[in-house]
Amino acid sequence: MHVPEDAVVSSADVALALASAASQNGVQIYDRTSILHVMVRKGQVTGVETDKGQIQCQYFVNCAGQWAYELGLSNEEPVSIPLHACEHFYLLTRPLETPLQSNAPTIVDADGRIYIRNWQGGILSGGFEKNPKPIFTEGKNQLEIQNLQEDWDHFEPLLSSLLRRMPELEALEIVKLVNCPETFTPDMRCIMGESPSVQGYFVLAGMNSAGLSFGGGAGKYLAEWMVHGYPSENIWELDLKRFGALQSSRTFLRHRVMEVMPLLYDLKVPRWDFQTGRQLRTSPLYDRLDAQGARWMEKHGFERPKYFVPPDKDLLALEQSKTFYKPDWFEIVESEVKCCKEAVCVIDMSSFTKFEITSTGDQALEVLQYLFSNDLDVPVGHIVHTGMLNQGGGYENDCSIARLSKRSFFMISPTDQQVHCWAWLKKYMPEDSNLILEDVTWKYTALNLIGPRAVDVLSELSYAPMTPDHFPSLFCKEMSVGYANGIRVMSMTHTGEPGFMLYIPIEYALHVYNEVMGVGQKYGIRNAGYYALRSLRIEKFFAFWGQDLNTLTTPLECGRESRVKLDKGMDFIGRDALLQQKQNGVYKRLTMFILDDHDTDLDLWPWWGEPIYRNGQYVGKTTSSAYGYTLERHVCLGFVHNFSEDTGEEQVVTADFINRGEYEIDIAGHRFQAKAKLYPVPSLFTHKRRKDDVELSDLQGK
Amino acid sequence: MCVCPGPRRIGIPVRSSSLPLFSDAMPAPTQLFFPLIRNCELSRIYGTACYCHHKHLCCSPPYIPQSHLRYTPHPAYATFYRPKDSWWQYTQGRRYASTPQKFYLTPPQVNSILKANEYSFKVPEFDGKNVSSVLGFDSNQLPANAPIEDRRSAATCLQTRGMLLGVFDGHAGCACSQAVSERLFYYIAVSLLPHETLLEIENAVESGRALLPILQWHKHPNDYFSKEASKLYFNSLRTYWQELIDLNTGESTDIDVKEALINAFKRLDNDISLEAQVGDPNSFLNYLVLRVAFSGATACVAHVDGVDLHVANTGDSRAMLGVQEEDGSWSAVTLSNDHNAQNEREVERLKLEHPKNEAKSVVKQDRLLGLLMPFRAFGDVKFKWSIDLQKRVIESGPDQLNDNEYTKFIPPNYYTPPYLTAEPEVTYHRLRPQDKFLVLATDGLWETMHRQDVVRIVGEHLTGMHHQQPIAVGGYKVTLGQMHGLLTERRAKMSSVFEDQNAATHLIRHAVGNNEFGAVDHERLSKMLSLPEELARMYRDDITIIVVQFNSHVVGACQNQE
């Protein structure tokens, strides 16, 4: 791919230019001054202690590159910035016989893992090798960065691929091999944003060797963030708060960056899981599930089952399983989904972030009513789906809150909200309140019993009546299951299917699991994983925060007016924005697409990010997708915009606009027809089991 | 190690004059040996030993002139045959048919024999954060006796720092070397433990709680531990630490490694002796402890803790340090003294320990009392107990023992026992960055190779594997093509040259296969390895080797800190 506008800039020159421009605008720059630590009072940055004295300031930006980790830790209240350096080698040569012109394009050969560009008429060539050499694990960057060694043997594979690609370079004379460490992050995305623990402490680091290319944009968003409190684009994927202290182990980082660095030039396939730094946070059932064939994925350090491989089935080896087409787990997930629909499955969902908010008076309710968009003043035992919105009405978090008692609430959020949601709540909770906020994530194991027979299983394990009259949907009861008492049972499954979530104090987890599996045998119970869950919820048009929803999407844009207390006359964060939006209409709308002429076996699959076309016009991108085993079609979720044909300006999107369009989803250049839906498809297709379907094997326990 | 003279010693032409003496001395020990060996259920070695001596006495003189050329093709033959290929092959074929021991092993077959017992251990390097001065070790052994009488052990001390490595050369069977190999390190580890830890362990045993693990073993699958005796061994060990606890006067003095090693050696030998005297109600165990006590073993043990290297040696195995000089060449530093007749100080010691009138009999024909080659050893109660005690134990012992002529035989001139001790000589060496490795090996290696060659071969092997000198362009005119050629060459060299990953295997390959020019001769190697079991012991002894590699960076850093 040739980009004519491609250009080469020198980082040193850019930095100098920026510095002199800043100086001209009155910025003072202190040379040769090192920071000892950042001064913090009451969780707010107040200044910087340097080796030459103190400097007062309101904001501090840690953009110290590979030193950012140590600088973050030097604080009294440490700021954890998970990044780690690897040695990075590039080669400099003398000019070619006819020196390269300055407009010579930069060449990236991903298969050869190298890049090549002009350097003073000669070439500069480096790469991201398969076997990186992590460095500075123990710190000491400052001491050792001066005398890093060239390592030709290590560079040999890259040199070979350079000469294979351009054999005539053989005659070029070497100037030197430069060893210049680069930093990498645990997920190959850079780190920016405000520290969750110290206000005014901003970070911009971990650019994964693309600092110069990303620097401009990243700087812009960070500036917006500092001035307005939030950036103008959704950059949750780069937010420092996606990490916690748990990603800060040096050993974890060292291992993970060794996997991340080669990935820069690898083909990135969908649903790829990192192989290093695993098995950090696990449910107490991990070993049990693993022994039953669980395959795992990791979120925020937590191991979650993807699916369960039956004993008689073999999956492809890791490398061979990389695909954009129908994956090898298709049939496995199909049988799990089927079991969820027809019988009952159990999914370990312990990774969810769980907070408890209690107060001595009514303050808990007051504060939460302001923080959350839906009405929480519900009878004890009710569960409310609600957003935690920002001033713009966008979702900072999407959660379920159970009212345990008049004065205490149990809040369930996505796994990766652990740091972000905590920081948000802390920020908006009045300082002088007697409110107690507790992170109880680690205290509970969560089992999701999905399926029509879930109620039968629970009925056998408890004397509490489980019928819909006594236990309607979206209810929470504390009850006993088996011998274990105090299990929080909630009639919800995060999928739209009937069933229950069980929040089990961890010491009872194994007992309850064993009881459920034992009793469940005769109802055909089996384990299931997140892939089945994902298929179920997408088919039911359940949007998930972090995938479909983000800080720039509002409840009105995804058909969730009913979950907002606009008409109750109560103030809450984001209310004004929503009121305005209600009046003006929305500019994008979450829509469900069902692919019509897509061949699951032969065509490339949609994963996410596929362009959506309405009447041939580009209107947006998909945010998530899955195969719906009931619909027997692929289902994509995505936002539809209405761009003016003349100006490209965004216009209001109405239901009518959505309904009166012909849609196509573009998967790798091939467009597939799609039906757009604003509401989930009623379960028309749900199988009615025929009598002659029953086999003898169905009588056997599994 | 064997009590009977190895073929090499008798094969050396210079010594041929001493043959008659040997012949005179032979009958007693040889005959006495057979029953014991048979009783060890090693009926095959019976044949070996018999054949071996038979040959010595009758057929060795004609072999002598050829002995060290025995397996190199005679130059005359070679030139004579080779010009005419077909005829040569024909002759070869004929020879195949007529003399069965002339078949050749293929290189893979040779490798599988050499590598059958190889073992490597790398000290787990926690992400470049390696706090150990030991990088790891390679070990291997090649049997000549069947079964092999050598043993090896390696373990990390878990309650104190440091690593223990040892080679044990058994004689008169493998019972003693086996027992020492599984027990000695526990005795050493216990001797090194501070008072509080000993108390903690004793309390745990007393109250039936889980014990602190003392050692982490690094064993080849073939290295076994006796299950039956573990209870007995444990009880003896426990008595030892109980005494250590009682002896402690409360002063928390630093434990001296040298003293700990000496105490552990002596104590274990004492326990071996006591267990045999007391016996065991279980007849199998009873017989086992007697076999252990009546056979013998030498031991050479290294304890490495940071820059402190202690070598405790009893007998004629050897510890050799490989030192790399500034110019890259290798030199050998001996860290142990052989305890045999070649060591004048040992001869002197023996003479001083016994009355003057025994001066001539105590060391005779380079052997202790004319019988035993090593002058220090575990077990061998025949050279330690009084005649009364020996008779008493044998009479009350099981029938197998009673029928055994060897055990009943009392060494000649046996007036003032003990003649033999297990007390080790301990050498201390403070590691320096130029000390790259330590070779521990039984005499099977040292009698075939000069120490200088041993160190050079290991040194070159290890540097070839790990420390290719890094390339630097440094101001020279080098093109990308030239550099690429150089790098590809280096990579090829790294991957193909060394078929032995294991330094000990590499050394055995040289020890067994070296020709007179010091190069491995495949033909010779193949012949040596295809010797029938009953012949093998004639041409070589059991060889056991441990090569410990040191981490120069850690050693250097330790040095700089102080």
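**Close-up 1. Packing of helices α12 and α13 of chain B in a predicted model.** Angles under 35 degrees count as roughly parallel, those over 145 as roughly antiparallel and those from 65 to 115 as roughly perpendicular, while the rest are called oblique. In this predicted model, helix α12 (residues 257-278) of chain B packs against helix α13 (residues 283-294) of chain B at an angle of about 135 degrees, and their axes lie 8 Å apart. The helices α12(B) and α13(B) are therefore oblique to each other, and their crossing is left-handed.

**Close-up 2. Residues at the contact of α12(B) with α13(B).** On the side of α12(B) the contact is made by B:I272, B:E275 and B:A276, and on the side of α13(B) by B:V289, B:L290, B:V292 and B:A293. By residue class, the contact of α12(B) with α13(B) comprises six nonpolar residues, one charged residue and no polar ones.

**Close-up 3. A barrel of six strands in chain A.** The strands of chain A close into a barrel in the order β28-β31-β30-β29-β32-β33, with antiparallel pairing. On average, and with direction ignored, neighbouring strands of this sheet are turned by 40 degrees against each other.

**Close-up 4. The pair β28 and β31 of chain A, and helix α13 of chain A.** Strand β28 (residues 588-595) of chain A pairs with strand β31 (residues 633-641) of chain A in the antiparallel sense, over seven bridges; the bridge partner of A:T591 in β31(A) is A:G638. Helix α13 (residues 530-539) of chain A lies across β28, β30 (617-628) and β31 of chain A, and runs at about 130 degrees to β30(A).

Note on methods
Residues are numbered from 1 along each chain as its sequence is written. Chains are lettered from A and ligands numbered from 1 in the order in which they are written. This is a predicted model: local features need pLDDT of at least 70, side-chain atom pairs count only at pLDDT 80 or more; totals for chains, interfaces and linings use all residues. Side-chain values use heavy atoms; hydrogens and water are left out. Axes are lines fitted to C-alpha atoms, for helices over the stretch in contact, and angles run from 0 to 180 degrees between N-to-C directions. Helices (H or I, at least four residues) and strands (E, at least two) are DSSP runs, numbered from the N terminus. A crossing is left-handed if the near helix is turned anticlockwise from the far one by less than a right angle, and right-handed if clockwise. Contact means heavy atoms within 4.5 Å. Ala, Val, Leu, Ile, Met, Phe, Trp, Tyr, Cys and Pro count as nonpolar, Asp, Glu, Lys and Arg as charged, and the others, Gly among them, as polar. Two strands pair if DSSP finds at least two bridges between them.
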